[in-house]
Amino acid sequence: MPTYKLRGIDVDFPFEAYDCQLVYMEKVIEALQRRCNALLESPTGTGKTLCLLCATLAWRKSLGGFSTGSTKIKSEFFGSQSDVGSSQSEASNLPTIVYTSRTHSQLRQVVQELRRSNYRPKMVVLGSREQLCIHEEVSLLKGKAQTNACRSLCRKDRKRRCTHFPRVADYMKNNPHIGDEPIDIEDLVNIGRKSGPCPYYVSRELHKAVDILFAPYNYLIDREYRKSLSLEWNKSILIFDEAHNLESICADAASFDLSSGLLTACISEAKNCVDLAVGRQEESNDRSRNPDNFAILRALLLKLQKRIAEVPIESKELGFTKPGSYIYELLADLNITHETASNLIDIIEDATLLLEEDKKHDAKGSGSRLESIGNILKSIFRDKGNRHADSYRVHVQESEVNATDIFKGKSSRTLGWWCFNPGIAMQTFTEMGVGSIILTSGTLSPLDSFAQELKLDFPVQLENPHVISSNQIWAGVVSVGPSGRPFNSSFRNRDSPEYKQALGNAIVNFARIVPDGLLVFFPSYYLLDQCISCWKNMGNTNSSTIWERICKFKKPVIEPRQSSLFPLAIEDYMTKLKDTSTSGAVFFAVCRGKVSEGLDFADHAGRAVVITGMPFATRTDPKVRLKRDYLDLQAQSPREGCKMLKLLTGEEWYNQQASRAVNQSVGRVIRHRHDYGAIIFCDERFAQPNRQSQISVWIQPHIKCYNKFGDAVFTLTRFFRDGGTRVPAKPELADHKSIDLSPCSTASASDEGIKESSSGTSVDIKAAQSRDKSYPEKLPASSTSMDLPHSKDKLSSLLVVKSSNSSSHLRDILPANLSCFTPCLDLKRLKRSSDPMAKEKKLLTTGKEKMQYPNHDIIDLSGDLSLKKQQSKEKQLMPCSMKKRKVLLIEHDKLQHDKSSSVNASDAQRSGPRDLPPTDARAAEVEAKFLKHTNNDLHVSAEQRGADESKGSAFLIQVKEKLSPAEYKQFVGYMKEMKSKVIMIGNLLQRIVRLFSGPERLPLLERFKDFVPARYRSLYEQYLETKEMPDNQRN
């Protein structure tokens, strides 16, 4: 594992780092050392998550040792303060790292990245009771009902207590090393089911003594969640990964909407509480609940309903708007003030508990509607003063009503208290003394508006280039259609039949040219529906419609408006991709929709993305209109603390929000270093320099503008015709001569030589990249040869490229934030040994060997990186794959099989002999000659090779014990097949998974992962998930 010295900090990184990765880690360390904030954008596929973890933990380690092997907890379980293990006193004064992302699925991928690093801090992942509860009854509930039921069963005075909660104390005392190795939500649940302690309370106790804490965003943004955390916030480090939606999340978390329907339901629940309290008094003389309190609550809600109904609304479009402080005037008329709000909140919580007791934990476990009223009051009266009200607006608008209400003369209204300053949540962290706040994502551009929205100063900023080469991306602005009509999706043009026809004909051409998957994004659902409806009916006389012509080349899938139907749409898309009757599938989607957020359409799942227009928000939308007015007002009269900052105007915000939505959509393709694809902007406005300046910086250098549609079609066709040159080929060697790869060669070596790593941040749809095909992927028929750019001539004569049809499945769509980078090339050609066990062992070990760095030599990059800052912008944007460190050249000798042969220890070109297990009289010697590059003399560790072979031998012995002789012979055949030059890896891995099925063989499934070549490991993990193997049966 190489070590890089960045700003004086030694950073252990699992692979040879690209330049952009080193720059990214340097920026992280700079922010941490300066105790300032950082805004870092790095495209998907650049290993952002792993870089972030390694740099942060290296900095933390430089301050003092991790707290592993110890916990020092102030807890209700242990009385005062209890030492569990041998606590390191220094750790208590060191900063805690809080790493957050949007979802637990993404955090699961972050934990996997931590496992791949060399760092082992004490850690824990926080989750909700809904995810962690293992109580047979409480686990079926949700929301507040589940929380109250849990707390009730954990009280000591209860006759019927939770059996898991009391076991937490003993488990924590007896297992001080929990959290020393990376654990996830599933691991905590398995601990609870196996050993008995409550996973939820184990995580809550463990988080008090960790070096790094993983949690979703809302654990920091939500005030109530944040208060529940026992952390020393002073000097702590807050990391927000996948932060591109952070501003909207912060604003939404601080806002609320109270509809007439919700208010009516709350009034009904308050009436039920009155009846329940009176009934209990009459039946059992239970006076613990005063019905008068619930009657007062009901009266206040009725009065609030009346006040909202009396608000004068002159225009349905404009509604009724007042400054944020008006909410206090409105509630003061109901006698709800800072002094009385706490009492009212207590009454609401009492009412909620009473309703839940009466429901006897219904099957759905849904919480009370009154709970939302309590949350609204907590939000309004969260501070003693009203200073935060300046960032709000009160808005009352007419809502859609049903026919019954119209007949009765009723109107439906919604009271909104909207926050237009996302920085409120972030400013709280500054007041708490947080050391650094790091925001990072693959699509943050434009950075200026992002920083201004959060009202934070970000001295450290970075817009990283991609790791791909320029021949892996086609980016163009297609200003006109096939007929010469300009593309412009503005309000004035979008309803024109001529515009829809021109756009449809263009997409017909793109569907013909682009292989496999095509994504087409529209600015809105309205325009999507209008265009598709038009295309289904528009066509020339006696000819096919535009829609039929599209379907001739690609089978269509349309993004549904309902979230519940989205998984079915994804499954339909992947099924149609596999259909050989057409050249793939086309997914019609919407910017800011589900398809544009967090999904990976890697490789053949997304070969091109078409943006049909600028996705501007509706100007007349009340939130958009009020947001623009708020920003304009702030820009005209900046406060004292903001005078030094250039404040964002409403129009600038409006434009940059559209650009950010475009960046999110185009980021669905080109997901890793070996991927390639096209980005097609079908709107003439993208040709404007100010529009292009807001596109992600890694795309900007590649954008070309086409004033003729034919020119765009010609270059796009040529791009995909030559697409095979961008995909790693599986070469066949004509003989045993050494292969000399030039440093900038994009060619890939054999399965045995290249170690490829992929990681990512997952969303709800987990997936793994399909490898059930030989490279190159399916291309237009005109592509019959493969030209490897930048590689030496002698290599091309040795390669025989085999192509086959692409295949895929639902999980071909990868989770977002996939990182894929290749370490030093280690080309090994091992001749088969006559020893059967030796053969089997090599089948396991050669696929997983890694380059070792003797004595962990430190590569000092401080000087190099300082020079980079003086380079021109064009050079900084040079694809990282062109700046990759020179690869290691290795020449392979034939294996010697004579047991009695000895190795000349003085021969510097030979490695030591590999000691094979004594299962046979034969042994094999591996001789590898290393060709040296200047200042890059790296060697493979013989000890590591021996350790790998010993591990392989041990695994084979276990396999022999678990399998029958016939099955074992079948397994060895699978291993030989894995080492063949052309394989259907997906089918092979599925057969191995089936072979290891059964309760006694499940541990073999997990252990075998270590022997799967790195490039196929994600696919194998997908098959494990499909198998749904219980984690508590894995070792």
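The model is a predicted one, in which local features need pLDDT of at least 70 and side-chain atom pairs count only at pLDDT 80 or more, while totals for chains, interfaces and linings use all residues. Residues are numbered from 1 along each chain as its sequence is written, and side-chain values use heavy atoms, with hydrogens and water left out.

Some terms apply throughout. Helices (H or I, at least four residues) and strands (E, at least two) are DSSP runs, numbered from the N terminus. Two strands pair if DSSP finds at least two bridges between them. Axes are lines fitted to C-alpha atoms, for helices over the stretch in contact, and angles run from 0 to 180 degrees between N-to-C directions.

Next, select strand E21 (residues 608-611) and strand E22 (residues 677-681). They run parallel and are joined by four bridges. Which residue in E22 is the bridge partner of Val 609? The partner is Ile 679.

Move to strands E7, E8, E6, E9, E14, E3 and E15. Seven strands form an open sheet here too, in the order E7-E8-E6-E9-E14-E3-E15, and the pairing is parallel. Strand E7 (123-125) and strand E15 (460-463) stand at the edges; each has a single partner strand, so one side of each is left without a neighbour in the sheet. From one strand to the next, the twist averages 15°.

Within this sheet, select strand E3 (residues 38-41) and strand E14 (residues 436-441), which run parallel and are joined by four bridges. Leu 39 has Leu 439 as its bridge partner in E14. Helix H2 packs on the sheet, touching strand E6 (97-101), strand E8 (212-216), strand E9 (237-240) and E14, and its direction makes about 170° with that of E6.

Is Lys 48 buried or exposed? Lys 48 is buried, with a relative accessible area of 2%; buried means under 20% relative accessible area, exposed over 50%, and partly exposed in between (1.4 Å probe, protein chains only). The side chains of Lys 48 and Asp 241 are joined by a polar contact of 2.9 Å. A polar contact is a pair of N or O atoms within 3.5 Å; within protein, one must be able to donate a hydrogen and the other to accept it, and residues adjacent in sequence count only if both atoms are side-chain atoms.

Select Lys 235 in the loop between helix H10 (223-227) and E9. Its phi is near 70°, a positive value in a residue other than glycine. Lys 235 counts as partly exposed, at 44% relative accessibility.

Then select Glu 242, in the loop between E9 and helix H11 (246-253). Glu 242 is not a glycine, yet has a positive phi of about 50°. At 5% relative accessibility, Glu 242 counts as buried.

## A helix pair

Select helix H12 (residues 260-284) and helix H13 (residues 291-310). They pack at an angle of about 165°, with their axes 8 Å apart. H12 and H13 are therefore roughly antiparallel to each other; angles under 35 degrees count as roughly parallel, over 145 as roughly antiparallel, 65 to 115 as roughly perpendicular and the rest as oblique. The residues in contact (heavy atoms within 4.5 Å) include Leu 263 and Ile 267 of H12 and Phe 294 and Leu 301 of H13.

## Lys 627

Finish at Lys 627, in helix H24 (residues 622-636). At 6% relative accessibility, Lys 627 counts as buried. Not counting residues up to four places away in sequence, Lys 627 touches Phe 420, Pro 422, Glu 453 and Trp 653. The C-alpha atoms of Lys 627 and Arg 393 are separated by 9.3 Å, although the two are 234 residues apart along the chain.
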